[in-house]
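Open the model in your viewer and keep the selection tool at hand. The tour below moves from one selection to the next and says what is found at each stop.

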Amino acid sequence: MKVQHHILALLIFAATLYTFLAPPAVGFAESDLARVIFFHVSCAFVSSGLMIMAIYFGIQWFRKQTLEWDARLGTVLELGALFSLFTILTGILFSKVQWGHFWHADPRQTSFLMVVLLYGGAIALRTSFSDEWKRASASAGYAIALGVLGVFLSFFYPRIPAVQQSSVHPSDTLSGGKLDTPYQIGFLGIFILLSFLSVFIYRMRVRVVLMEQQLDNFNEHDPARGGDPASVGVVRPVAVSEEHGGTPG
Amino acid sequence: MNSPWLEQTKAVFFKEIRTDWRTKHGLFVGGLFVLLATIAMGFATMFDGQQPSPDLTAGMLVVTILFSGATVIPRIFLAEEDQGTFELLRLFAAPGPAYAGKLFYALLQMILVATVSCLMFVEMVQAPVVQPVFLLVSAFVFALALGGGLAFASSLVLGAANRWMLASAVGIPLLMPVVVLGIICLRYSFGVGRWGETFQSLIGLGGMALFSIAIGPALAPWLWGLAGQDKQSPNPNLEPGHNPSKLER
């Protein structure tokens, strides 16, 4: 194992230990469960960051049009869907304990549910194409729309004054310095951990996808595996002019 | 003198009108679905014996228009591929104008769907309309936003498996914010809500309409430029023998 794997394992161990050792929070209906905000807020931040990366990779696909950018885009969409799902699930759990209902019809909850559905649409879109190039172009177009809407729903909509007033979800806990020091440490530590973890999974996943594409490409050209060696390259008829030895038309 | 872009767009737009008017099949089936959806939604309050609240009326109307549109609009793009004339269309018009022509036809159909749904639904549930002009204005803007979003989603799923269902599965998450803004606008027409919040929502709806209408023609050259092409990978990273252990830019 490489050094960074050991570091990651240590970070996971430390984060798990800290989660259990952090003191119960004050002002919550279930003070021990307040620790879920370490994961809830961190996952939300990570999924928002992945959303912005999806916009970038989508634009890069349209500019460069290589399958490597599609591999990166697909990975980012998958990870974003995963982290947004974790965010909404931890939020639902917290909502049940803190406010008495799994679903509170809170504007913040609703807007993030839309983000989860956007990611779901991206996954559904990617799984529906057998042609990798069509899948790539469709995913890139969708990713740009997803990113623009997702950024609005995650960052701007919850901060509209009318929405803030009607929401029970706090929006100034971090910016207003309302977290105690132990919880600030816990949130920051787990956010850094999840960021490292997502980068680690991202690199591995992109590597796997590229290797799968390489294997498919190899199998297509290997007759022993049912491939067609003549499929290598595209032969186009070339018109040869008379001065270069061609026959007159 | 009109630009070639505009000429091609007009040609595609009138082609859509003539095609649908010649067979009338799509118009009939789409129109029938709109009527059935509106009537079925009207039955939802049949046994209550009372008029639904303005909020519920607005919500039910928006849902009716949404699902009617999700059935009618994808046909404009997907039927072309099913009939095998999509490649022919790309020979005669550039992707941008071809998309724009179909988009404008989709917007026209969506305006008709919204108008018919509004008039029938209001009559069926006997909802008192306090602001009739605003009802039409907000329904018009809502229809533009829905039409643009559904047209974009339909263009993304060309070439996919189960594309008729996929167009809705991909389009409706993109349109969730439009649905919420539409409900806020329409409820004001039925006498509920504050003007400030409603006006902001109407502006937001208009912005989303502009975004969804603009993004399609801008991305169409890339989305449809690759559709149907037999493209070999130009990326040397994907050639056999290449070591994918390092991510390369």
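Begin with the lining of the largest cavity, which by class has nine nonpolar, two polar and no charged residues; Ala, Val, Leu, Ile, Met, Phe, Trp, Tyr, Cys and Pro count as nonpolar, Asp, Glu, Lys and Arg as charged, and the others, Gly among them, as polar. This is a predicted model, in which local features need pLDDT of at least 70 and side-chain atom pairs count only at pLDDT 80 or more, while totals for chains, interfaces and linings use all residues. Residues are numbered from 1 along each chain as its sequence is written, chains are lettered from A and ligands numbered from 1 in the order in which they are written, and side-chain values use heavy atoms, with hydrogens and water left out.

To see this lining, select residues including Ala145(A), Leu149(A), Phe152(B), Met208(B) and Ile215(B). α9(B) gives the most to the lining of the largest cavity, with four residues.

Next, select Thr198(B), which is found in helix α9 (residues 195–226) of chain B, where a helix is a DSSP run of H or I with at least four residues, numbered from the N terminus. Thr198(B) is buried, with a relative accessible area of 0%, buried meaning under 20% relative accessible area with a 1.4 Å probe and protein chains only. Show its contacts (heavy atoms within 4.5 Å): leaving aside neighbours within four places in sequence, Thr198(B) touches Phe134(B), Ile184(B), Cys185(B) and Tyr188(B).

Definitions and conventions: Helices (H or I, at least four residues) and strands (E, at least two) are DSSP runs, numbered from the N terminus. Buried means under 20% relative accessible area, exposed over 50%, partly exposed in between (1.4 Å probe, protein chains only). On a 1 Å grid over the protein atoms alone, a cavity is a set of points where a 1.4 Å probe fits but cannot get out, and a pocket is an open set with protein on both sides within 12 Å along at least five of seven lines; lining residues have an atom within 4 Å of a point.
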